[in-house]
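Please write a short report on the fold shown here. Cover the packing of helices and strands, then a few single residues.

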Number of protein chains: 2
Amino acid sequence: MLEGDRLALARLITRIENRMPEVPEIMRAVHPRTGRAYVLGVTGPPGAGKSSLVDRLTTLLRAEGATVGIVAVDPSSPFTGGAVLGDRIRMQTHTLDPHVFIRSMATRGSLGGLARATGDVIKLMDAFGFTWIIIETVGVGQTELDIVRQADTTVVTLVPESGDSIQAMKAGLMEVADIFVVNKADRDGAHALMAELRFSVHLHYTSGIGAKDVDWEVPVLAAQAVHDVGTAELLAAVKRHRATLEQAGALEKRRQARRRAELDALLVEEFTSQVTAWVQTDQGLARTLAAVSEGALDPYSAVQRILAGTLRRP
Amino acid sequence: MLEGDRLALARLITRIENRMPEVPEIMRAVHPRTGRAYVLGVTGPPGAGKSSLVDRLTTLLRAEGATVGIVAVDPSSPFTGGAVLGDRIRMQTHTLDPHVFIRSMATRGSLGGLARATGDVIKLMDAFGFTWIIIETVGVGQTELDIVRQADTTVVTLVPESGDSIQAMKAGLMEVADIFVVNKADRDGAHALMAELRFSVHLHYTSGIGAKDVDWEVPVLAAQAVHDVGTAELLAAVKRHRATLEQAGALEKRRQARRRAELDALLVEEFTSQVTAWVQTDQGLARTLAAVSEGALDPYSAVQRILAGTLRRP
């Protein structure tokens, strides 16, 4: 894969998706080659036109000579599957371009695992040499936000129709958005939504709540991706955000915080899996867990007992 | 508190909310008195009329002589705060009733912490002696689902307007709902939403995807909580679900699984906090973490190194 073999890249991604035992080895091997790509996240509710937007941005980036890896992540369960596939069909423009690589990922089991698998796929694409990586994820729930937090710049895409469902997630969106785009901006309600977003953004910016590490008032842009309206302005805003992060030294700080969060998640996962394995062989541990399940022992006492038996000061 | 002092209950809840160091001691002390209350969860998007519904259910339960503890949880950040407060005002009916106790909880820091704090508050109310505990939570995101998973029976409340935002969360809702209620059922679109839900529920039921531990096809009920229409039928459905769980022995099994999940979460949290504390004093550990933050070391190798230094077989 490090020699530019796309098929090898595709196969490694599949291993990561399936959480094969060789994942740690793969990630160790590619690690020295990571950290060069710029990662753009695009999120928003279903039907917001994210795929069209990603498609146009890819065209613009390719025209500049950039190479683009795209990860489309659908955190919904198999029960609602199909949305991503439909989206993919609209992105056929780039399927024959050897400098664009598109991969869809869906949930297999735990959603937490999906966020990490996405992170590992980004690193593979980064090591492969793509200069830009775009993560596209559908929805505005906690998991989607966790996924999109792995981006350097995050674009939240809304449409006039998404007004109601947005209210509930507004705090999360404000926290995660570096740029808002109101797509399908020719529709009724687009102006009202933009005005409302600008008001919220401005309030957020001036109040200092959730103050960010750079001086950046989140722009609210209009677009009609299918007619290629507003997409050049969007890319320009993304680049302005990138430059702002880089000048302030914030890009590296954000990436450091991200690496640390990734380590924490991995550490917890590995610790849990060790303890789970020990339950199979250690009778004392198994008895403690059974006592908690039956309600005979409170969980706080159990935790104290388990950690006393398994942890030692380094 | 165990002698029935409501003020003592309120103060203990505040300590739990603030994650005071004495929380483990408190929870150990109340543990033997827990496990008697029946826990009902009510969730749904903002504006679905959950508070009115909880208010009417409380009136019905009180008329039967039950005592009711209510925890209203708002997982949104302080930025969108206020929704819960507004809801509370509508529940004044019961504020003077000594056998009803209402408490609102909002997020303070991590959302994961909120789900566990809610669990601890439920236990306090349980130990206090309430026969029914109602958890009301706004929203249909992952965190809200985590909170409501602590209920024995979960009612998902929707309104005709919530159609669009529901699509994205449908799989999660199907997984968590024991009963669907379409509130404000006199509005346009109520019939269509009910028909759609019934179709999904039936498909889910007959497909065996996410098959539950009891033979229960999730009912889809209509209500107009503010006019007290459909609320008696809702309570009857809750009791039917309770009886079904109890007859199948599934109630105890669900509670066992919940206690186990709670233990796992607490174990992970305590492990993380121990490692975090060690970083302050152990230079080798601090160096490993710094190397990961700077990108010099991959997280998989770091985890292996850290666990080798801190874990021992029990």
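In chain A, helix α3 (residues 50-63) and helix α9 (residues 231-247) have axes that come within 10 Å and cross at roughly 75°. Axes here are lines fitted to C-alpha atoms, for helices over the stretch in contact, and angles run from 0 to 180 degrees between N-to-C directions. From α3(A), the contact uses A:Leu53, A:Arg56, A:Leu57 and A:Leu60; from α9(A), it uses A:Thr231, A:Ala232, A:Leu234 and A:Leu235. Two residues are in contact if their C-beta atoms, placed from the backbone, lie within 7 Å. By class, the α3(A)-α9(A) contact has 6 nonpolar, 1 polar and 1 charged residues. Nonpolar covers Ala, Val, Leu, Ile, Met, Phe, Trp, Tyr, Cys and Pro; charged covers Asp, Glu, Lys and Arg; the others, Gly among them, are polar.

## Model and confidence

This is a predicted model, in which local features need pLDDT of at least 70, side-chain atom pairs count only at pLDDT 80 or more, and totals for chains, interfaces and linings use all residues. Residues are numbered from 1 along each chain as its sequence is written, while chains are lettered from A and ligands numbered from 1 in the order in which they are written.

Chain A has a mean pLDDT of 85, with 86% of its residues at 70 or more. pLDDT is the predictor's confidence in each residue, from 0 to 100. Over residues 77-87 of chain A, pLDDT stays under 50; the model has 19 contacts beyond four places in sequence for this stretch. For the complex, the predictor gives an ipTM of 0.81 and a pTM of 0.74.

## The sheet of chain A

Chain A has 12 helices and 7 strands. Helices (H or I, at least four residues) and strands (E, at least two) are DSSP runs, numbered from the N terminus. An open sheet of 7 strands runs in the order β3-β2-β4-β1-β5-β6-β7 (chain A), with parallel pairing. Strands pair if DSSP finds at least two bridges between them. At the edges stand β3 (100-106) and β7 (220-222) of chain A; each has a single partner strand, so one side of each lacks a neighbour in the sheet. From one strand to the next, the twist averages 20°.

| Strand pair | Bridges | Residues opposite each other |
|---|---|---|
| β1(A) and β4(A) | 7 bridges | A:Thr43 and A:Thr137 |
| β6(A) and β7(A) | 3 bridges | A:Val182 and A:Ala222 |

How many residues of β4(A) are buried? The count is 7 of the 7, so β4(A) is largely enclosed by the rest of the structure. A residue is buried if 20 or more other C-beta atoms, placed from the backbone, lie within 10 Å of its own, exposed if 12 or fewer, and partly exposed in between. A:Trp132, A:Ile134, A:Glu136 and A:Val138 are buried on one side of β4(A), and A:Ile133, A:Ile135 and A:Thr137 on the other.

Helices cover the sheet too. α3(A) lies across β1 (38-44), β2 (68-74), β3, β4 (132-138), β5 (153-158) and β6 of chain A, and runs at about 175° to β4(A). Helix α8 (residues 190-207) of chain A packs on the sheet and touches β5, β6 and β7 of chain A. The direction of α8(A) makes about 165° with that of β7(A).

Of the 314 residues of chain A, 46% count as buried. Among its contacts between residues at least 6 apart in sequence, 74% join residues at least 24 apart.

## Single residues

A:Lys184 is not a glycine, yet has a positive phi of about 55°. A:Lys184 sits in the loop between β6 and α8 of chain A. It counts as buried, with 23 C-beta neighbours inside 10 Å.

A:Asp228, also not a glycine, has a positive phi of about 60°. Its loop lies between β7 and α9 of chain A. With 14 C-beta neighbours inside 10 Å, A:Asp228 counts as partly exposed.

In chain B, B:Thr58 belongs to helix α3 (residues 50-63). B:Thr58 is buried, with 23 other C-beta atoms within 10 Å. Beyond four places in sequence, B:Thr58 is in contact with B:Val68, B:Ile70, B:His94 and B:Val100.
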